[in-house]
Amino acid sequence: MGKRDSQYKLEDMVEYDEAFVSKATKSSEKTKLKKGRGSQKQASVAVMAESSILEDLITGEKDKSCRYFKMVKIDNLKAKTAEKLIKGLIDKKAVLQTDESTTYSNIEDCIDVHVSELSSTKEGKFNLKWAHIAISNLKRDLTKYHMVSEKMLQNYLNEFCYKLNRRYFGEKLFDRLVIASICPYLYTSG
């Protein structure tokens, strides 16, 4: 970490993956549920991370840095759902990194550059590093709540992303919150 920033080269990209988060289910329904992917005990969440590849110009080693995250509860894992999210939330000129799921097979008209790798390979783990870290942190964070209903899940995701995206604000967090809440009032009362 003690190296100077001038010896790094930056490339920006967006990581996109899905997560399965446990949700509250009625005890009468628990015996009839499927297990694994698509289980009724789990809700699907799309996770997007804006990341940059850092390359050390001296050693040639690559690493990733991340700044912003976005998480959205999705109803299904169909390609149409992913296309709608990608068109609405990701710039067409961005480099999109995903795993080799069939969900992303026809997104050429949504994004200019699409990189897909198997999640289990070395390249796949590198490409989706921050999305996977955010997923594991989200799952750990949700364990502090007794029950998370599917209806309220998006609120929990918004809170988690709010805290995660402002992790470097430190002591200025409250001041930034006050400014953000006052600015819309100042612009409309102009």
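Aspartate 63 is partly exposed, with a relative accessible area of 39%; partly exposed lies between buried (under 20% relative accessible area) and exposed (over 50%), with a 1.4 Å probe and protein chains only. This is a predicted model, in which local features need pLDDT of at least 70, side-chain atom pairs count only at pLDDT 80 or more, and totals for chains, interfaces and linings use all residues. Residues are numbered from 1 along each chain as its sequence is written, and side-chain values use heavy atoms, leaving out hydrogens and water.

**Salt bridges overall**
- A salt bridge is a side-chain nitrogen of Lys or Arg within 4 Å of a carboxyl oxygen of Asp or Glu, and the count comes to 8 salt bridges.

**Pairs involving strand β3**
- Aspartate 63 forms a salt bridge with lysine 129 (2.9 Å, N to O).
- Lysine 129 lies in helix α3 (residues 129–142) and aspartate 63 in strand β3, so this pair ties together parts 66 residues apart in sequence; helices (H or I, at least four residues) and strands (E, at least two) are DSSP runs, numbered from the N terminus.
- Lysine 129 is partly exposed, at 25% relative accessible area.
- Glutamate 15 forms a salt bridge with lysine 64, the closest N and O atoms being 2.9 Å apart.
- Glutamate 15 belongs to strand β1 (residues 8–22) and lysine 64 to strand β3 (residues 62–74), 49 residues apart.
- Both glutamate 15 and lysine 64 are buried.

- Lysine 92 and aspartate 112 meet in a salt bridge (3.9 Å, N to O).
- Salt bridges with shared partners join Lys23, Lys73, Asp75 and Glu150 into one network.
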